[in-house]
Amino acid sequence: MTNLKDMWVSVLTRIEPTMQRTNFVTWFQNTSLVEVKETSAGRVAVVGVPTAFARDWIIGKYRIKVLQAVQEVDGEIKDLEFDIVSAGGLDVSQISSRPEKKVRKVRNKPEINLGNGLRSKMLNNRYTLSSFIAGQENRLPHAAATAVANMPGGIYNPMYIYGGVGLGKTHLLQAIGNAILKDDPEKVVRYITAERFVSEVVESIKRGEMNRFKGHYRDVDVLLLDDVQFFAKKKSSEQEFFHTFDELYDSNKQIVLTSDRPPSELEDLDKRITTRFGMGMVTEILMPEFETRVAILQQKAAEAGMLIDPEVLEFIAANVTTSIRELEGVLRQVITEAQIDDRVPTVKSAVEVFRKLYRAKEIIGYDIEKKRLDRSIMTSQDVMEAVSCYYRVTVGELTGEVRKKEVMVPRQVCMYIIRHELDESFEKIGEDFGGRMHTTVMNACNRILKKLKKDSRLVRDINAIKKEIGL
Ligand code: ADP
Ligand code: MG
């Protein structure tokens with residue numbers, strides 16, 4: 001293949017189906033193939049990436065994927081190099097192995113509106129299953145919600161979702177309702193918070209309208225009850241809920257509940273009720289990792305119709321680690337301030353917003369090495385430090401020339417970990433270790449590999465070091 005651009009397109013076409021769409025777009029947007037060059041160590045592909053951050057992330061997470069794909073396109077290529085190239089990268093939004101999805105989306109558009117008729121006026125139509133970015137962490141709750149939406153009243157009944165504040169419980173709960181209504185606008189879906197349910201019962205009793213209330217809930221096909229931890233202990237409402245629950249359950253109507261804690265920890269509620277909550281599917285929502293947070297921010301920025309520099313989104317994602325609601329809040333603030341001043345958001349402006357909102361909090365990823373934005377991005381230096389600490393030799397000794405056993409073994413171990421865990425090239429490791437030949441590094445790694453087969457102490461040492469740095 002002669003043309004670098006064509007070659008890069010076919011590399012990305014191979015990578016795209018192997019990862020989540022949002023991650024693919026986040027990390028490969030504006031990348032390019034800069035050149036394919038011949039070096040003493042063989043043919044090397046130079047990949048252009050828009051930011052240092054993206055470079056580190058791709059090297060940390062996707063290096064092998066990229067190398068494999070590159071080698072499928074050109075079997076002679078032995079290694080990759082990365083260069084920061086700010087312009088001329090590829091728009092990867094066109095690269096997709098899932099074109100059918102787009103078609104479906106367009107066709108379904110009118111139905112979305114149809115589905116939000118009278119009965120669902122309590123549901124926010126922004127909360128959909130597809131606008132919930134599950135990531136690795138929340139695959140299970142998302143999959144379970146999808147299953148419930150596809151087959152309400154099926155095996156996942158009741159479904160109980162729990163997790164911390166602002167992690168998307170209400171979103172997922174309403175998404176189930178929206179999806180069911182989209183499939184069948186005739187279905188009766190009722191969303192209510194537990195708190196409100198209690199006050200409705202109290203009101204109905206006061207007005208002598210209990211029968212009406214009962215009818216109201218007996219009609220529903222799907223009951224979405226939010227924040228059951230706020231189910232105040234009131235005999236009458238608890239009793240009423242108990243009946244409603246049983247009736248719906250017995251007639252195979254779907255019930256979905258959310259809470260900030262698992263059913264067993266709802267101490268204020270009658271045991272008979274909490275036991276029922278746990279009968280179907282119980283699933284926990286967790287705070288997503290950095291990569292997913294970036295994807296969420298990207299989507300929220302798109303929803304707001306704003307094009308924001310990925311570095312700004314990455315900065316926010318690195319610094320807001322408590323809830324998605326806060327993540328959105330910071331993003332909104334960053335957008336608002338930029339609009340007021342009629343400029344685009346920058347990392348610097350995001351830092352200012354962040355300082356205003358969280359005075360005392362330490363800020364990550366600004367004025368310090370970008371590489372350390374996330375702990376999962378490990379550098380050779382981190383490994384060297386951990387190894388030096390473990391074996392009580394200095395980093396200088398590790399990279400130096402001393403050929404005593406007490407230093408040689410740690411040096412080889414260090415090279416081995418960098419090669420196998422960070423997937424660094426032999427050449428690069430050689431450079432980092434005082435300009436050694438890549439064959440020297442290769443031999444060191446092979447020696448450790450061989451030793452590992454019979455030396456259990458070495459296995460333990462290496463595991464301990466890896467654990468120390470979170471590998
Ligand atoms: P909770 O009910 O758990 O307190 P919400 O469902 O109200 O949290 O979520 C807070 C905000 O964060 C909402 O705007 C929601 O759309 C958003 N959000 C939470 N998790 C996600 C996610 N995984 N993907 C996209 N948006 C999310
Ligand atoms: Mg909520």
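Reader: In this predicted model, which side chain has an N or O atom 2.7 Å from an oxygen atom of ligand 1?

Author: A polar contact is read from a pair of N or O atoms within 3.5 Å, and here the side chain of glutamate 328 supplies such an atom, 2.7 Å from an oxygen atom of ligand 1. The side chain of arginine 325 likewise places an N or O atom 2.8 Å from an oxygen atom of the ligand, whereas at lysine 169 a backbone N or O atom lies 2.8 Å from an oxygen atom of ligand 1.

Reader: How much of the accessible area of ligand 1 does the protein cover?

Author: Taken on its own, ligand 1 has 560 Å² of accessible area, of which the protein covers 95%.

Reader: Which elements give two or more residues to the shell around ligand 1, and how many residues surround the ligand?

Author: Helix H6 (169-183), helix H11 (290-303) and H13 each give two or more, in a shell of 18 residues whose closest members are Gly166, Thr170, His171, Arg325 and Glu328. By class, the shell holds 7 nonpolar, 6 polar and 5 charged residues.

Reader: Why does ligand 1 lie between domain 2 and domain 3?

Author: The position follows from the origin of the shell residues: domain 2 (111-284) and domain 3 (290-367) both contribute to the shell, so ligand 1 lies between them.

Reader: Which helices do the buried residues of H14 pack against?

Author: They pack against helix H12 (310-319) and helix H13 (324-340); within H14 (residues 347-357), the buried residues are Val347, Ser349, Ala350, Val351, Val353 and Phe354.

Conventions
Residues numbered from 1 in each chain as written. Chains lettered and ligands numbered in written order. Predicted model: local features only at pLDDT ≥ 70, side-chain atom pairs only at ≥ 80, totals over all residues. Heavy atoms only, no water. Buried < 20%, exposed > 50% of the residue type's maximum accessible area, 1.4 Å probe, protein only. Helix = DSSP H or I, 4+ residues; strand = E, 2+ residues; numbered from the N terminus. Contact = heavy atoms within 4.5 Å. Near = heavy atom within 4 Å. Polar contact = N/O pair within 3.5 Å; in protein donor to acceptor, adjacent residues only side chain to side chain. Areas by Shrake-Rupley, 256 points an atom, 1.4 Å probe, with all protein chains shown as cover. Nonpolar A, V, L, I, M, F, W, Y, C, P; charged D, E, K, R; others polar. Domains from an automatic or database assignment.
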